[in-house]
Amino acid sequence: MSLARETAPPVPDVFDPRRYADGVPHAAYRTLRDHHPVAWQEEPEVLGWPAGPGFWAVTRHADVVRVLKDSAVYSSHLGATQIRDPDPDDLPFIRRMMLNQDPPGHGRLRRLVSRAFTPRRVDRFESVARERARTLLGRAVEEARAGDGACDLVAAVTDDYALLNLADLLGVPERDRQLLLHWTQRVIGYQDPDEAGEPVLDARGRPVNPRSPARLRDMFGYAHELAVHKKSHPGDDVMTTLATDPELAPAELEMFFFLLTVAGNDTVRSAAPGGLLALAEHPDAYDGLRTGRFPLGTAVDELLRRHPPVLSFRRTAAVDTELAGQRIHAGDKVVVFHASANHDERVFTDPHRLDLARTPNPHVSFGDGPHICLGAHFARLQLRVLYEETLRALPSLRTAGPPRRLVSNFINGLKSLPVHMT
């Protein structure tokens, strides 16, 4: 054994979702990148969820990209994409989602939904998103002035902004739009009691996976009803395109609705307040954006690098392989950590410095390889518009108290962001 290995610090835990309520564990990520770039993590019972077999944590940028690009070795299909293993009875159902498939099946589904999720359709939403941002920010400023001068940007602006933009793109009627937030909180925030509420237990007293068929019946039932409605009342929206596509089976449409509702909503819902928090913590950067010293395009990507909406994604080794000198066996879980890769000193100079002019900026906040985020263009547009309107509405941006973070090792979410509305 080498001296470097003998003196290496112990492997820190980056699995426990409760760690992330206090902030992204960057010090632990740095230890892993420097000394244990592919490190075994235990999966103890946490928050009522049963223990698992453990997994390999991948934290360096180059290794994360390698895993995400090589679907033949690191499969999304074998065990799906969440760290926790799904119930074996649920796995065939969960594998039907595009997110949990490998090429070539994944490519077919991606091509089908790409017909609906076009840049032209997304770009037309810019004026709608801008008016929505102005309205929400204006209302928040008025309410703050009538009170103590502060407000929670998550509750007052970013939650509704992400939700209503997605509802417009999908074509969800106004009366049903809060359902999208309810489903997102249930599926994404299941580790956080504030988001998920009381867990639903099975006959043995164990929590029921929020992605199981039993917990998704209401969402799928709604997707079916909406598709029937769109066939007779078509609109210029994604659900109309999907519902009238003869190549798309009803079960595939339901899964697309699930994926777009949850991933489409929570990407912006998590990234937007994270970016605003970074700007509030760096007043010089905020002022530089307001005065045009920094280009907004590069700023959006730097804020995404700084605060990726997704913390981790899981793959399963399809064959015996080696990564960063570590032997990995077929069937092992391999989990990439986006926030760690985005702060890898081997790729990003001074990675903990907010550099709104940073270029190049090869962050992996939207993933990489065949599963790179289909809605990245839509997300960037929404974030750019929101930041533009915030700069216009608020001469300065300062926090009015500590933010509250989501208890999750999956989503890099903020539950509240109190700011002074000056």
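User: In this predicted model, why is Asp245 called buried?

Analyst: Asp245 has a relative accessible area of 9%, and because buried means under 20%, Asp245 counts as buried.

User: What makes Asp245 and Arg115 a salt bridge?

Analyst: The closest N and O atoms of Asp245 and Arg115 are 3.2 Å apart, and since a salt bridge asks for a side-chain nitrogen of Lys or Arg within 4 Å of a carboxyl oxygen of Asp or Glu, the pair qualifies. Asp245 lies in the loop between helix H12 (238–243) and helix H13 (250–281), while Arg115 lies in the loop between helix H5 (105–114) and helix H6 (119–123), so the pair ties together parts that are 130 residues apart in sequence.

User: What makes Asp168 and Arg177 a salt bridge, and are they buried or exposed?

Analyst: Their closest N and O atoms are 2.8 Å apart, again within the 4 Å limit, and both Asp168 and Arg177 are buried.

User: How many salt bridges does a search of the whole structure find, and which residues are linked in a network of them?

Analyst: The search finds 34 salt bridges, and a network of them links Glu126, Arg130, Arg134, Arg384, Glu388, Glu389 and Arg392.

User: Which residues touch the most other members of the largest nonpolar core?

Analyst: Within this core of 113 residues, those touching the most other members are Leu153, Leu242, Phe257, Phe258, Leu356, Leu397 and Met421. H13 supplies the largest share of the core, with 16 residues.

User: What is Leu356 in contact with, leaving aside its neighbours within four places in sequence?

Analyst: With those neighbours within four places set aside, the contacts of Leu356 include Leu279, Ala285, Leu289, Phe294 and Pro295, and Thr298, Ala299, Glu302 and Leu303 are also among them.

How values were computed. Residues are numbered from 1 along each chain as its sequence is written. This is a predicted model: local features need pLDDT of at least 70, side-chain atom pairs count only at pLDDT 80 or more; totals for chains, interfaces and linings use all residues. Side-chain values use heavy atoms; hydrogens and water are left out. Helices (H or I, at least four residues) and strands (E, at least two) are DSSP runs, numbered from the N terminus. Buried means under 20% relative accessible area, exposed over 50%, partly exposed in between (1.4 Å probe, protein chains only). A nonpolar core is a set of buried Ala, Val, Leu, Ile, Met, Phe, Trp, Tyr and Cys residues joined through side-chain atoms within 4.5 Å. Contact means heavy atoms within 4.5 Å.
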